[in-house]
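Work through the following exercises with the sequence and the model at hand. Each task is followed by a solution in steps.

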Amino acid sequence: MQKKLYLNQKFTKFINNENFEFDRSKILKILNGDLIEDAYKTISNWQKYQPTPLESLNKLSKELELKNIFYKDESKRFGLKSFKALGGAYAVEKIIKGRKDITVSTATAGNHGKSVAWGAKNLGLNCKIFISENVSETRAEEMRNLNAEVIRVKGNYDDSLNICKKESKKNNWEIIQDVAWPNYELVPKLTMAGYSTMIKEISVQTNEYITHIFLQAGVGGMAAGVVAGVAYYFKKVPKIIIVEPENANCVMKSIENNTPTSVNIKKESIMGGMSCGDVSLVPWQILKNSVNNCITVSDKFVPQTVAMLADKVVSDISIVGGECSTPGITSLISCCNNEKKRITLEINENSNILLIGCEGSADMELYDKLLTEGKKFI
Ligand SMILES: Cc1ncc(COP(=O)(O)O)c(C=O)c1O
């Protein structure tokens, strides 16, 4: 029988965390249980709330000889098409505390801004969103459709954040940012608490013990929110594997050096939400000891994986997975095809793997392009 094309997917780099020591109480001191509980209580009370599906990648688990591969499909989150809907909008509600005469602001690569804009719209607030030259017009338009004023600035994400901070100070706007800086920790913690809702949902969606989680990272907020959710909700602690683009591996570098380490991004990854050069400080406190391994992957497998999800190559159902949803799948396939890594990670026929399908076709134009390209490789 001919070998399946996708089995050629390979990671770029794989490391062990020499400082691994998962400590629930330490993690929950950084993001405490009250915040985690409140996030779920608040979000699950929103009018349109529904847990996102936990799908089975049954064809892929059979091929890789695993017990289960669960795929949390965040493309279905509140119609906003990414897990980010859980963070920004929740933070807006908590920070605003019922005030109406407030303008909220943020800088974004796309999905976080959409969440803040949506939260502001639901509460009838003005919203200003700062984006860099790298954010597509499709994404900008989606935020305008949520009544936000979108301000495009010269330079990269960091430039958009700096201008957002400056303008917000000048105009007395409330910044709802998902990254931390000195004396700005509450909002990033709230967004992370929002993300932990995914784990609450999973804890009731399956009776299987999850043995491994592959977690995509940009600045690390999603990964740390999920790890805190694991510390709070899961009885057994799975292995945690961080996945990043090969040219934006700030979490991997930081874990290697045991201190936050910047990466100078020479070429932006196509996985735009994950193309980040610095790990955020609050997530770092959680991730530094709770991550078992870090993996980097190349952009070149993104189109193929988008098509694999859409064309039922990995499951019985068709799944809309955008660029950032793909690297967990690539990492899993490449580890399973590498006998040494299979042993290191203790991956076997009893493994229940969790993958986070963090976004759907959030950028429709890019999604269509990736899908068309990827169909040639499945
Ligand atoms: C759409 C999207 N944006 C951003 C991120 C990165 O999140 P964070 O910056 O919180 O690590 C991800 C996944 O890691 C993602 O899928």
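Domain bounds here come from an automatic or database domain assignment. The model is a predicted one: local features need pLDDT of at least 70, side-chain atom pairs count only at pLDDT 80 or more, and totals for chains, interfaces and linings use all residues. Residues are numbered from 1 along each chain as its sequence is written.

**Exercise 1. State how the chain is divided into domains, and describe the side of domain 1 that touches domain 2.**

Step 1. Domain 1 covers 5-82 + 191-377, and domain 2 covers 88-177.

Step 2. Between the C-alpha centres of the two domains the distance is 25 Å.

Step 3. Count contacts, where two residues are in contact if their C-beta atoms, placed from the backbone, lie within 7 Å. On this basis 16 residues of domain 1 contact 14 residues of domain 2.

Step 4. Helix 2 (33-43), helix 8 (186-195) and helix 16 (364-374) each give at least two residues to the side of domain 1 that touches domain 2. Helices (H or I, at least four residues) and strands (E, at least two) are DSSP runs, numbered from the N terminus.

Step 5. By class, that side of domain 1 has 6 nonpolar, 6 polar and 4 charged residues. Ala, Val, Leu, Ile, Met, Phe, Trp, Tyr, Cys and Pro count as nonpolar, Asp, Glu, Lys and Arg as charged, and the others, Gly among them, as polar.

**Exercise 2. Give the strand order of the open sheet of 7 strands and identify its edge strands.**

Step 1. Two strands pair if DSSP finds at least two bridges between them.

Step 2. The order is 1-10-9-8-11-3-2, with mixed pairing.

Step 3. Strand 2 runs antiparallel to strand 3 (residues 68-73), and 3 bridges join them. Ser-56 has Phe-70 in strand 3 as its bridge partner.

**Exercise 3. Describe the open sheet of 4 strands and the helix that packs on it.**

Step 1. The strands follow the order 6-5-4-7, and the pairing is parallel. Strand 6 (149-152) and strand 7 (174-175) each have a single partner strand, so one side of each lacks a neighbour in the sheet.

Step 2. Strand 4 (residues 103-107) pairs with strand 5 (residues 126-131) over 5 bridges. Within strand 5, Ile-129 stands opposite Thr-106.

Step 3. Helix 6 (residues 137-144) packs on the sheet and touches strand 5 and strand 6. The direction of helix 6 makes about 150° with that of strand 6; axes are lines fitted to C-alpha atoms, for helices over the stretch in contact, and angles run from 0 to 180 degrees between N-to-C directions.
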